[in-house]
Amino acid sequence: MQLIALKKTWSTVKFNEVDILYAVFKAYPDIMAKFPQFAGKDLDSIKDSAAFATHATRIVSFLSEVISLAGSDANIPAIQNLAKELATSHKPRGVSKDQFTEFRTALFTYLKAHINFDGPTETAWTLALDTTYAMLFSAM
Ligand code: HEM
(Lines give C-alpha, C1' and ligand atoms only; values in the text may rest on other atoms or scores of the structure.)
Protein backbone atom coordinates (compact mmCIF):
# COMPACT_ATOMS: atom_id res chain seq x y z
CA MET A 1 0.00 0.00 0.00
CA GLN A 2 1.31 3.45 -0.97
CA LEU A 3 0.77 5.09 2.40
CA ILE A 4 2.77 2.41 4.14
CA ALA A 5 5.58 2.90 1.61
CA LEU A 6 5.57 6.63 2.35
CA LYS A 7 5.71 6.27 6.13
CA LYS A 8 8.16 3.39 6.06
CA THR A 9 10.64 5.12 3.78
CA TRP A 10 10.39 8.40 5.72
CA SER A 11 11.15 6.56 8.96
CA THR A 12 14.48 5.43 7.50
CA VAL A 13 15.72 8.96 6.76
CA LYS A 14 13.85 11.24 9.16
CA PHE A 15 16.72 11.32 11.63
CA ASN A 16 19.16 12.48 8.93
CA GLU A 17 18.03 16.06 9.57
CA VAL A 18 21.42 17.70 9.14
CA ASP A 19 22.16 15.69 6.02
CA ILE A 20 18.83 16.67 4.47
CA LEU A 21 19.24 20.40 5.16
CA TYR A 22 22.82 20.20 3.91
CA ALA A 23 21.62 18.64 0.64
CA VAL A 24 19.00 21.39 0.23
CA PHE A 25 21.47 24.23 0.87
CA LYS A 26 24.14 22.63 -1.30
CA ALA A 27 21.80 22.32 -4.28
CA TYR A 28 20.15 25.72 -3.74
CA PRO A 29 22.39 28.35 -2.11
CA ASP A 30 19.61 30.93 -2.68
CA ILE A 31 17.61 29.11 0.02
CA MET A 32 20.51 29.27 2.48
CA ALA A 33 20.96 32.95 1.69
CA LYS A 34 17.52 33.68 3.14
CA PHE A 35 18.63 32.54 6.61
CA PRO A 36 20.13 35.55 8.39
CA GLN A 37 22.38 33.38 10.56
CA PHE A 38 23.75 31.35 7.63
CA ALA A 39 23.82 33.85 4.75
CA GLY A 40 27.26 34.43 3.30
CA LYS A 41 28.86 31.62 5.32
CA ASP A 42 30.60 28.53 4.06
CA LEU A 43 28.16 25.64 4.13
CA ASP A 44 30.73 23.06 5.20
CA SER A 45 31.84 25.20 8.11
CA ILE A 46 28.31 25.68 9.52
CA LYS A 47 27.10 22.14 8.89
CA ASP A 48 28.24 20.85 12.29
CA SER A 49 27.04 23.83 14.31
CA ALA A 50 24.27 23.71 16.89
CA ALA A 51 22.30 26.40 15.01
CA PHE A 52 22.34 24.27 11.88
CA ALA A 53 21.12 21.21 13.78
CA THR A 54 18.32 23.24 15.39
CA HIS A 55 17.03 24.45 12.06
CA ALA A 56 17.41 21.10 10.40
CA THR A 57 15.33 19.54 13.18
CA ARG A 58 12.59 22.19 12.87
CA ILE A 59 12.21 21.68 9.14
CA VAL A 60 12.37 17.89 9.21
CA SER A 61 9.97 17.74 12.19
CA PHE A 62 7.47 19.72 10.17
CA LEU A 63 7.68 17.11 7.41
CA SER A 64 7.32 14.32 9.98
CA GLU A 65 4.19 15.96 11.33
CA VAL A 66 2.60 16.17 7.88
CA ILE A 67 3.54 12.58 7.09
CA SER A 68 2.17 11.33 10.40
CA LEU A 69 -1.18 12.96 9.55
CA ALA A 70 -1.26 11.70 5.95
CA GLY A 71 -3.70 9.01 4.95
CA SER A 72 -6.81 9.95 6.88
CA ASP A 73 -9.47 12.29 5.50
CA ALA A 74 -10.17 13.44 9.05
CA ASN A 75 -6.66 14.91 9.17
CA ILE A 76 -6.96 17.02 6.02
CA PRO A 77 -7.92 20.21 7.93
CA ALA A 78 -4.93 19.73 10.23
CA ILE A 79 -2.59 19.35 7.25
CA GLN A 80 -4.17 22.41 5.64
CA ASN A 81 -3.50 24.37 8.83
CA LEU A 82 0.15 23.34 8.83
CA ALA A 83 0.46 24.36 5.18
CA LYS A 84 -1.15 27.70 5.99
CA GLU A 85 1.21 28.26 8.93
CA LEU A 86 4.19 27.52 6.71
CA ALA A 87 2.93 29.98 4.09
CA THR A 88 2.20 32.68 6.68
CA SER A 89 5.50 32.34 8.54
CA HIS A 90 7.58 32.29 5.37
CA LYS A 91 5.87 35.08 3.43
CA PRO A 92 7.48 37.88 5.46
CA ARG A 93 10.84 36.18 4.90
CA GLY A 94 10.42 36.60 1.16
CA VAL A 95 10.36 32.88 0.41
CA SER A 96 8.96 32.36 -3.10
CA LYS A 97 7.00 29.52 -4.62
CA ASP A 98 10.05 28.84 -6.79
CA GLN A 99 12.15 28.37 -3.66
CA PHE A 100 9.63 26.01 -2.13
CA THR A 101 9.75 24.08 -5.40
CA GLU A 102 13.55 24.01 -5.20
CA PHE A 103 13.24 22.59 -1.69
CA ARG A 104 10.93 19.90 -3.02
CA THR A 105 13.34 19.02 -5.82
CA ALA A 106 16.27 18.74 -3.40
CA LEU A 107 14.25 16.65 -0.96
CA PHE A 108 13.11 14.32 -3.73
CA THR A 109 16.68 13.90 -4.97
CA TYR A 110 17.80 13.13 -1.42
CA LEU A 111 15.06 10.53 -0.99
CA LYS A 112 15.88 8.89 -4.32
CA ALA A 113 19.51 8.56 -3.30
CA HIS A 114 18.84 7.24 0.20
CA ILE A 115 15.81 5.00 0.09
CA ASN A 116 14.64 2.16 -2.05
CA PHE A 117 12.58 4.20 -4.49
CA ASP A 118 10.56 1.58 -6.32
CA GLY A 119 7.54 2.54 -8.46
CA PRO A 120 4.84 2.57 -5.73
CA THR A 121 7.13 4.44 -3.33
CA GLU A 122 7.87 7.13 -5.89
CA THR A 123 4.15 7.45 -6.68
CA ALA A 124 3.34 7.76 -2.97
CA TRP A 125 5.89 10.54 -2.48
CA THR A 126 4.80 12.40 -5.60
CA LEU A 127 1.18 12.29 -4.49
CA ALA A 128 1.98 13.40 -0.94
CA LEU A 129 4.13 16.28 -2.14
CA ASP A 130 1.63 17.33 -4.83
CA THR A 131 -1.16 17.44 -2.26
CA THR A 132 0.79 19.33 0.41
CA TYR A 133 2.24 21.79 -2.10
CA ALA A 134 -1.21 22.52 -3.55
CA MET A 135 -2.34 23.45 -0.03
CA LEU A 136 0.81 25.49 0.58
CA PHE A 137 0.64 27.40 -2.70
CA SER A 138 -3.04 28.19 -2.34
CA ALA A 139 -2.22 29.76 1.03
CA MET A 140 0.57 31.95 -0.38
C1 HEM B 1 12.18 28.88 9.75
C2 HEM B 1 13.65 30.11 5.31
C3 HEM B 1 11.44 26.22 3.45
C4 HEM B 1 10.10 24.93 7.91
C5 HEM B 1 12.75 29.54 8.69
C6 HEM B 1 13.51 30.76 8.81
C7 HEM B 1 13.92 31.11 7.57
C8 HEM B 1 13.42 30.12 6.65
C9 HEM B 1 14.75 32.33 7.17
C10 HEM B 1 13.78 31.52 10.09
C11 HEM B 1 15.04 31.13 10.71
C12 HEM B 1 15.26 31.90 12.00
O13 HEM B 1 14.33 32.44 12.55
O14 HEM B 1 16.38 31.95 12.46
C15 HEM B 1 13.19 29.16 4.42
C16 HEM B 1 13.42 29.18 2.99
C17 HEM B 1 12.81 28.10 2.46
C18 HEM B 1 12.17 27.38 3.57
C19 HEM B 1 14.24 30.22 2.23
C20 HEM B 1 12.82 27.77 0.99
C21 HEM B 1 12.36 26.70 0.46
C22 HEM B 1 10.90 25.53 4.50
C23 HEM B 1 10.18 24.29 4.38
C24 HEM B 1 9.82 23.92 5.63
C25 HEM B 1 10.29 24.95 6.54
C26 HEM B 1 9.88 23.55 3.06
C27 HEM B 1 9.08 22.71 6.09
C28 HEM B 1 9.17 21.56 5.53
C29 HEM B 1 10.52 25.89 8.77
C30 HEM B 1 10.26 25.86 10.19
C31 HEM B 1 10.87 27.00 10.72
C32 HEM B 1 11.48 27.71 9.62
C33 HEM B 1 9.45 24.79 10.92
C34 HEM B 1 10.88 27.42 12.19
C35 HEM B 1 9.57 27.99 12.60
C36 HEM B 1 9.28 29.30 11.97
O37 HEM B 1 9.95 30.27 12.33
O38 HEM B 1 8.40 29.37 11.11
N39 HEM B 1 12.70 29.18 7.36
N40 HEM B 1 12.43 28.07 4.74
N41 HEM B 1 10.93 25.91 5.82
N42 HEM B 1 11.25 27.02 8.46
FE43 HEM B 1 11.78 27.58 6.61
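**The ligand shell and the salt bridges**

Reply: The ligand is surrounded by 17 residues, and the closest are Phe-35, Gln-37, His-90, Arg-93 and Gln-99. A residue is near a molecule if one of its heavy atoms lies within 4 Å of it. This is a predicted model, in which local features need pLDDT of at least 70, side-chain atom pairs count only at pLDDT 80 or more, and totals for chains, interfaces and linings use all residues. Residues are numbered from 1 along each chain as its sequence is written, and side-chain values use heavy atoms, with hydrogens and water left out.

Me: Which helices each supply at least two residues of the shell around the ligand?

Reply: Helices are DSSP runs (H or I, at least four residues), numbered from the N terminus. Here they are helix 5 (50-69), helix 6 (76-90) and helix 7 (97-114). Helix 5 gives the most, with five residues of the shell.

Me: How do the residues of the shell divide into nonpolar, polar and charged?

Reply: Ala, Val, Leu, Ile, Met, Phe, Trp, Tyr, Cys and Pro count as nonpolar, Asp, Glu, Lys and Arg as charged, and the others, Gly among them, as polar. In this shell, nine are nonpolar, five polar and three charged.

Me: Which polar side-chain atom lies 2.9 Å from a nitrogen atom of the ligand?

Reply: A polar contact is a pair of N or O atoms within 3.5 Å; within protein, one must be able to donate a hydrogen and the other to accept it, and residues adjacent in sequence count only if both atoms are side-chain atoms. The atom in question belongs to His-90. Oxygen of the ligand is also involved: one such atom is 3.3 Å from a side-chain N or O atom of Ser-89, and an oxygen atom is 3.4 Å from a side-chain N or O atom of His-55.

Me: How many salt bridges does a search of the whole structure find?

Reply: Side chains of opposite charge can pair when their charged atoms come close. A salt bridge is a side-chain nitrogen of Lys or Arg within 4 Å of a carboxyl oxygen of Asp or Glu. The search finds two. In one, Arg-104 pairs with Asp-130, their closest N and O atoms being 2.8 Å apart. Arg-104 lies in helix 7 and Asp-130 in helix 8 (residues 119-138), so this pair ties together parts that are 26 residues apart in sequence.

Me: Is Arg-104 buried or exposed?

Reply: Buried means under 20% relative accessible area, exposed over 50%, and partly exposed in between (1.4 Å probe, protein chains only). With a relative accessible area of 18%, Arg-104 is buried, whereas Asp-130 is partly exposed at 39%.

Me: Which side chain meets that of Glu-122 in a salt bridge?

Reply: The partner is Lys-112, at 3.5 Å from N to O. Glu-122 lies in helix 8 and Lys-112 in helix 7, so the pair ties together parts that are 10 residues apart in sequence. Both residues are partly exposed, Glu-122 at 27% relative accessibility and Lys-112 with a relative accessible area of 45%.

Me: How far apart in space are Glu-122 and Asn-75?

Reply: They are 22 Å apart, C-alpha to C-alpha, and 47 residues apart in sequence.
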